[in-house]
Amino acid sequence: MPQDIEHRLSDSSRMQRPQGNPLLLSYSLQELLARDTVQVELIPEKKGLFLKHVEYEVSSQRFKSSVYRRYNDFVVFHEMLLHKFPYRMVPALPPKRMLGADREFIEGRRRALKRFINLVARHPPFSDDVILKLFLSFSGSDVQNKLKEAAQCVGDEFMNCKLAARAKDFLPADIQTQFAMSRELIRNIYNSFYKLRDRAERMASRAIDNASDLLIFGKELSALGSDTTPLPSWAALHLSTWGSLKQALKGLSVEFALLADKAAQQGKQEENDVVEKLNLFLDLLQSYKDLCERHEKGVLHKHQRALHKYGLMKRQMMSAAHGREPETVEQLESRIVEQENVIQTMELRNYFSLYCLHQETQLVHVYLPLTSHILGAFVNSQIQGHKEMSKVWNDLKPKLSCLFAGPHGTLTPPGSPQEDGVCPH
């Protein structure tokens, strides 16, 4: 069987020899992003006998489709991707939480599912595969069975790629060194972006907290201005002052509510345009790290085990030959030939895995310019947010003139007692 696979792959690759080096990718970030944009939105919960089931509306621009999917549908789709493309970057799914899933968890999982499906929909080999089209456009009730049938009846990418048997021919001689260097570089980039994401989350969270504080600040000023406690007789001389102050304070809640709204908008914008893009890139980098581990623990490990088994069988055959047991020798020879075929196939898979890793490394670097998108979104958010809030603050300033009005009606908040030339005692 392994020999038959090898010959079939070799024949088909000779018949359709590609132009140039197929190892090299020629995509830009804009081309990848333009492949598809998929929206994942929550739809109202359906109550079961024991649990509430969360469903998502998944809408694809490319396929002009809108389908309903459960989390378990994503799980089966993820499994089929790994089955069919074991040597490619398959992003991880967010964890499943059976009980006590609050709104924050559900929203976080929705965002993670959206990042997952967009990375998959824009990945060159995935985007042209039938299981992606099924997941994004099949509206029947048995989507999970359809996905399994489509993935399992044709084998994995190695079995179907016309170049699999010749992958070694396209690899650079120092592929192992390049692999180690790329892995180290991606690890360093991941660590830096992880820290950037954490700081961006903190800044967005502070903007939302600032909005809450500004709203409460305005409400307290309004409450102070609306106080109906009678003025004591000993303060009667200041009746008009307190009344005008109250009137001024009462109206400030509108401006502070507007400030709170602007701060909340800035925080939400940074969550959507900065934090989410950072999370998207981190998901991609993590999938690359996972792929490297699968390469080492999967095909490479199996290849080494096959070689070890082959060595044991050779030693057993030598012992049997010295013992002059013809039947045993014949059986061992047959098993050794079979094991040689296994080793040959594993070697082909190992080189094909490195071939895919080389392409996936290029794909990560295609995504690197996303950094400029993230920084641009962050800078624009800060400029727009400060600009809008500055306008509200400037509109608010004249309304405070009756609180601290100087000789010419200018705003002059009082200084400390020492600055006014008054002894604190």
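Modeller: Let's start with R111, which counts as buried because its relative accessibility is 17%; buried means under 20% relative accessible area, exposed means over 50%, and partly exposed is in between (1.4 Å probe, protein chains only). Before going on, a word on what we're looking at: this is a predicted model, where local features need pLDDT of at least 70 and side-chain atom pairs count only at pLDDT 80 or more, while totals for chains, interfaces and linings use all residues. Residues are numbered from 1 along each chain as its sequence is written, and side-chain values use heavy atoms, with hydrogens and water left out.

R111 sits in helix 4, residues 103-122 (helices, H or I with at least four residues, and strands, E with at least two, are DSSP runs numbered from the N terminus). If you skip the neighbours within four places in sequence, R111 is in contact with E271, N272 and E276, where contact means heavy atoms within 4.5 Å.

Take the contacts with a separation of 6 or more: 77% of them join residues 24 or more positions apart.

Now for the inside. The largest nonpolar core has 44 residues, and F281, F352 and Y355 touch the most other members. Such a core is a set of buried Ala, Val, Leu, Ile, Met, Phe, Trp, Tyr and Cys residues joined through side-chain atoms within 4.5 Å. Among the elements giving two or more residues to this core are helix 10 (175-225), helix 12 (252-297) and helix 14 (326-367). The largest share comes from helix 12, with 11 residues.

E157 is in helix 8, residues 157-160, and counts as buried because its relative accessibility is 12%. Not counting residues up to four places away in sequence, E157 touches K84, F85, R88, F352 and C356.

That last one, C356, counts as buried because its relative accessibility is 0%. Compare C153, which counts as exposed because its relative accessibility is 62%. For C356, the nearest cysteine sulfur is that of C161, 7.1 Å away.

Back to helix 12, where you'll also find E296. E296 counts as partly exposed because its relative accessibility is 36%. The C-alpha atoms of E296 and N350 are separated by 9.7 Å, though the two residues are 54 apart along the chain. H373, in helix 15, is partly exposed too, because its relative accessible area is 31%. Leaving out residues up to four places away in sequence, H373 touches L29, Q30, L33 and K277.

Terms used
A disulfide is a pair of cysteine sulfur atoms within 2.5 Å.
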